[in-house]
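Q: Got a model open here and want to go through a few spots in it. Can you take my questions one by one?

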Amino acid sequence: MKERRIRRVRTGAVALLATSALLSGCGVLPGGSGGSPGPLVVMTWAPVDTKSTNMPGMLAMAQTYQKYVNEQGGLGGRQLKVLTCNERNDAVAVTDCAGQAAKAGAVAVVGSYSEEGTAFTTALESSGIPYIGGYGITADEYQSLLSYPVNGGLPALLAGNGRQLADLCKKVDLVRPDSITGDQFPIFLDQGLKAGGKAPARDLLTADDANDYTDVATEAVGNNKSSTCVSAVLGDRTSTFFDSLRRIGDERPKVRLSSVLGSIQQSLVDSTGGSGSPLENAYVTGWYPPASDGKWDEMKAAVKKYAFGDNRIDVADPGVQTTWVAYTVFAKVVRAMDPKTTVTADSLHRAMDATTHLSTGGLTPDLGWTQSDLLGIPGHSRMTNSKVTYQVVRDGRLVAARPGFVDLTKTLKES
């Protein structure tokens with residue numbers, strides 16, 4: 001297979017303004033120094049109607065948050081205006097989205113998903129627009145000085161999955177996309193396995209837009225023992241892989257199944273048979289508490305009131321959850337800004353750089369992006385949250401496999 005070059009990590013000094021508490025006061029919107037400012041404009045983008053991973057729920061959640069916060073009086077007494085854009089899993093499209101955001105005077109891109117990290121970070125940096133709470137699918141999100149991640153992205157998910165499986169399996173097979181993004185997966189999974197004293201996973205590459213995975217599923221269960229684990233991370237197509245796996249032979253495979261949230265979620269367990277699903281007892285790593293946790297009640301209430309019947313929103317979808325967390329962070333920072341400060345992309349960037357100990361109500365550990373908050377993860381200098389949750393499918397429900405968060409900082413720092 002042709003080798004892919006790994007891009008060098010951007011380097012540069014970070015000039016941060018504060019290391020203590022949030023700035024005080026409320027936000028003032030763009031539109032001059034005082035008189036009749038307009039709405040506070042932001043953008044959320046995600047892929048919709050593509051052949052691979054799609055995240056329409058993130059756009060719907062952003063629109064829901066706009067209604068939710070505006071009924072409360074907006075931010076600093078001003079209305080929030082959310083623009084949405086279909087980035088189509090395409091570098092040109094996401095660059096166009098960034099151009100639309102700049103033209104509209106957006107002060108941030110919030111709670112978004114794109115695998116075209118180089119394209120969108122370059123476009124946002126040229127306009128000086130902060131990127132708050134991306135999904136964490138690309139390394140660029142953890143290198144750009146204008147990026148403010150709220151979770152540990154793929155590195156934490158996969159390292160956490162490897163660490164979780166190291167306690168359960170003698171051998172691990174990883175089924176993942178044959179793509180530049182997918183090339184990161186075994187690196188981080190193997191870090192977790194190594195931390196648990198296990199050998200690297202067998203790396204099984206496949207297409208991320210196939211309609212059938214019988215061949216790779218057959219290969220994955222070739223060593224059909226309960227001591228072997230198969231971790232499938234194929235985004236939207238993970239369900240297709242598990243369906244192919246189910247149709248191999250007359251009996252359920254003995255191998256233990258595993259994945260990360262986003263590839264396995266409650267809707268997939270339900271659609272494949274609930275407690276009779278082949279995913280029963282599957283091990284799953286996530287960024288957040290299970291959707292059944294009461295910490296999500298505020299989000300669920302907002303969805304029920306402002307997006308009732310919108311089937312794009314699945315409250316158990318980590319994309320939807322990430323958008324909610326990202327907007328929660330954005331709103332708190334804007335509300336905490338000095339009321340004499342006009343909220344622009346630049347002033348928001350400075351306020352984010354000064355933010356520390358920001359609570360998300362237990363959905364994540366407290367967040368911050370000051371120098372003291374940065375974890376020093378190689379290649380991911382902007383990472384400030386490397387904690388994950390361990391979940392398991394029991395009686396057809398995704399539940400916590402252990403309480404609280406698991407810190408992957410040490411694991412991710414080790415080569």
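A: Starting with Asp-173: setting aside neighbours within four places in sequence, Asp-173 is in contact (heavy atoms within 4.5 Å) with Arg-202, Leu-204, Ala-220, Cys-229, Val-230 and Ser-231. This is a predicted model, where local features need pLDDT of at least 70, side-chain atom pairs count only at pLDDT 80 or more, and totals for chains, interfaces and linings use all residues. Residues are numbered from 1 along each chain as its sequence is written, and side-chain values use heavy atoms, with hydrogens and water left out.

Q: Which strand is Asp-173 in? And is Asp-173 buried or exposed?

A: Asp-173 belongs to strand 6, residues 171-177; strands are DSSP E runs of at least two residues, helices are H or I runs of at least four, and both are numbered from the N terminus. Asp-173 counts as buried because its relative accessible area is 6%. The classes are buried under 20%, exposed over 50% and partly exposed in between, with a 1.4 Å probe and protein chains only.

Q: What is the mean pLDDT of the chain?

A: The mean is 88, and 90% of the residues reach 70 or more; pLDDT is the predictor's confidence in each residue, from 0 to 100. Over residues 1-36 the pLDDT is below 50, and this stretch has 92 contacts in the model beyond near neighbours in sequence.

Q: Salt bridges next. How many are there?

A: The count is 13, taking a side-chain nitrogen of Lys or Arg within 4 Å of a carboxyl oxygen of Asp or Glu. One of them joins Asp-183 and Arg-176 at 3.0 Å, N to O, and both of these residues are buried.

Q: What about Asp-310 and Arg-312, how far apart are their closest N and O atoms?

A: They are 2.8 Å apart, in a salt bridge. Asp-310 is partly exposed because its relative accessibility is 22%, and Arg-312 is likewise partly exposed, at 36%.

Q: And where do Arg-350 and Asp-346 sit?

A: Both are in helix 11 (residues 345-353), four residues apart, so about one helical turn separates them. Arg-350 is partly exposed at 38%, as is Asp-346 at 42%. Elsewhere, salt bridges with shared partners link Asp-212, Asp-243, Arg-246 and Arg-247 into one network.

Q: Switching to helix 3. Which of its residues are buried?

A: In helix 3, residues 117-127, the buried ones are Gly-117, Ala-119, Phe-120, Thr-121, Ala-123 and Leu-124.

Q: What do they pack against?

A: The buried residues of helix 3 pack against strand 1 (40-46), helix 2 (91-103), strand 3 (109-110) and strand 4 (131-132). After helix 3 comes Gly-128, with a positive phi near 70 degrees.

Q: Asp-190 too, please. Which helix is Asp-190 in?

A: Asp-190 is in helix 5, residues 185-195. Leaving aside neighbours within four places in sequence, Asp-190 is in contact with Pro-200 and Ala-201.

Q: Last one: by class, what lines the second largest pocket?

A: The lining has 13 nonpolar, nine polar and four charged residues. Here Ala, Val, Leu, Ile, Met, Phe, Trp, Tyr, Cys and Pro count as nonpolar, Asp, Glu, Lys and Arg as charged, and the others, Gly among them, as polar.
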